[in-house]
Amino acid sequence: MSSIATLVIFVIFAATNSITASAAEVGTEKETVTNLQFYFHDTLSGKNPSAVRVVQPVDAYKGTTLFGLIMMADDPLTETSDPKSKIVGRAQGLYGSACQQELGLLMAMSFSFTDGPYSGSSISLFGKNSAMNPVREMPIVGGTGMFRMARGYAEARTQWLDPTTGDAIVAYNVTVVH
Ligand SMILES: *[C@@H]1O[C@H](CO)[C@@H](O)[C@H](O)[C@H]1NC(C)=O
């Protein structure tokens, strides 16, 4: 019995030790702070929408907060608020209404860059977007390529919204440490 106990303790000690060692290595690496600004074009209307409804909201919330709604988006990201300006990437993923009392969206999206120094790299955004607030902050929880191990935050500000269709242009200001 004691030899099994010793083995278990050794294994736990070894595992703890390797976690400590790798954490220390990460801590000594140089970190970079990058600020990214781009415009997100979410088009629900027309023949070629960039965001489509995949789950309908609960009936009781249809005229209000759209609770239960889930959308899938593949939205272009551009350099300026002009939809015809240069495309710098795409926002691909899901957002849906997760709130009963307000238009609060849970967003789970990958922002992949296709232009400039970050072309081929991506960041992942996951968090609540209180869409009616002038400024919303959401967490950046990771990334790929130049943004491996990224963490940070995004500030979103609606620049334009068509209340009839829901089409919107949103300015994103993202700060990431990577
Ligand atoms: C973008 O965010 C950074 C960091 O929070 C801030 O310093 C800067 O003023 C912001 N820019 C705009 C246009 O909001």
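A polar contact is a pair of N or O atoms within 3.5 Å; within protein, one must be able to donate a hydrogen and the other to accept it, and residues adjacent in sequence count only if both atoms are side-chain atoms. The model is predicted: local features need pLDDT of at least 70, side-chain atom pairs count only at pLDDT 80 or more, and totals for chains, interfaces and linings use all residues. Residues are numbered from 1 along each chain as its sequence is written, and side-chain values use heavy atoms, with hydrogens and water left out.

An oxygen atom of the ligand lies 2.9 Å from an N or O atom in the side chain of Tyr153. For the side chain of Asn173, the corresponding distance from a ligand oxygen is 2.4 Å. The protein covers 45% of the 360 Å² of accessible area (Shrake-Rupley method, 1.4 Å probe; for residues, only the protein chains shown count as cover) that the ligand has on its own. The ligand's surroundings (a heavy atom within 4 Å) consist of Asn35, Gln37, Tyr153, Arg157, Asn173 and Thr175. Strand 1 (33–42), strand 8 (151–161) and strand 9 (168–177) each supply at least two residues of this shell. Strands are DSSP runs (E, at least two residues), numbered from the N terminus.

Note on methods: Helix = DSSP H or I, 4+ residues; strand = E, 2+ residues; numbered from the N terminus.
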